[in-house]
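Biologist: I'd like to learn how to read a protein model. Could you walk me through one?

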Amino acid sequence: MKLAANLSWLYTELDFLARIEACAEDGFRHAECMFPYDYSAELLRDKAGEAGVQWVLINAPAGNWTNGDRGLAVEPARRDEFKRSIEQAVRYAATLGVRKVHVLAGVVDLSDARAVQLARACYAENLNWLASSMRDEPVDWLIEPINRVDVPGYLLSHQADAHDLLIDLNRVNLGVQMDLYHVERTEGNALDALGRYLPTGRVKHLQIAGVPDRDEPNESVYSGIHAKLKTLNYNGHIGCEYRPKAGTRDGLGWIRSTGFSGTMESFEP
């Protein structure tokens, strides 16, 4: 397992491009971000190469974030926009050498049973189209359950729903992004979820943050998670998608205290 700095959340005291070098200076050799589309893919590739950092995950465009969009995949009227977002994401992934792309589902009025039904059908159809049309690309397309405290109305919130959907679709290039912060907020037992779902092979990326405040991963939760991941022989990436209490560097001591220091090329607290 290898820690990846999420540069949409970490080092925000710096300009985005400067965050790449900063994470490398702190020992990260892998990085991810939410939306890289404000910069050319070539620039981001070159900056990472200069720093000795490999991009490992991005999100596909998710609509107008400022106006409340949290994904396009569940909205029947926006199918064309969804397809264009995937086409843009795959272009960036190819240039950056990224092999994991998270596709956000979107929000829906959960009090409207008909709207939820239509959203679920649209979601499955869009994912099926995605898996089929991108089958020749070397990319795993990931869905992520997100808690509804942080994102009210998000369609996909439980691990079981994500896994059941992927079983139904039966596509090898679809997977689950399991954010253990969201697991804890929604279901309350990340250790149990790891034991249940990691052995299926459908979990293709992990993310972590402290519970309940989404700050630095706390020793009380994550020392046990580190041990569990070792027992389960997880060898993928773990995105550090949290909001530092103060400066990013001042809070990096959690990497050693939770046992994760061995998952980086180097680390000096």
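Modeller: Let's go from the overall fold to the salt bridges.

Modeller: A word on the source: this is a predicted model, where local features need pLDDT of at least 70, side-chain atom pairs count only at pLDDT 80 or more, and totals for chains, interfaces and linings use all residues. Residues are numbered from 1 along each chain as its sequence is written, and side-chain values use heavy atoms, with hydrogens and water left out.

Biologist: How many helices and strands does the protein chain have?

Modeller: Helices (H or I, at least four residues) and strands (E, at least two) are DSSP runs, numbered from the N terminus. Here the protein chain has nine helices and eight strands.

Biologist: And what does the radius of gyration tell me about the protein chain?

Modeller: That radius is taken over C-alpha atoms, and the globule rule is 2.2 Å times the number of residues to the power 0.38. For 269 residues, a compact globule would have a value near 18 Å, and the protein chain agrees, with 18 Å. Its C-alpha atoms fill a box of roughly 50 × 40 × 35 Å along the principal axes.

Biologist: What share of the residues count as buried?

Modeller: Buried means under 20% relative accessible area, exposed means over 50%, and partly exposed is in between (1.4 Å probe, protein chains only). In the protein chain, 53% of the 269 residues count as buried.

Biologist: Now, what about salt bridges? How many are there?

Modeller: Side chains of opposite charge can pair when their charged atoms come close. The rule asks for a side-chain nitrogen of Lys or Arg within 4 Å of a carboxyl oxygen of Asp or Glu. By this rule, the count comes to 15 salt bridges.

Biologist: Where do aspartate 140 and lysine 204 lie?

Modeller: Their side chains meet in a salt bridge at 3.3 Å, N to O. Aspartate 140 lies in strand E5 (residues 140–143) and lysine 204 in strand E7 (residues 203–208), so the pair ties together parts that are 64 residues apart in sequence.

Biologist: Are arginine 214 and glutamate 241 buried or exposed?

Modeller: Both arginine 214 and glutamate 241 are buried. They form a salt bridge too, at 2.7 Å, N to O.

Biologist: Which residue does glutamate 216 pair with?

Modeller: Glutamate 216 forms a salt bridge with lysine 245, and the closest N and O atoms are 3.7 Å apart. Glutamate 216 is buried, at 8% relative accessible area, whereas lysine 245 counts as exposed, at 63%.
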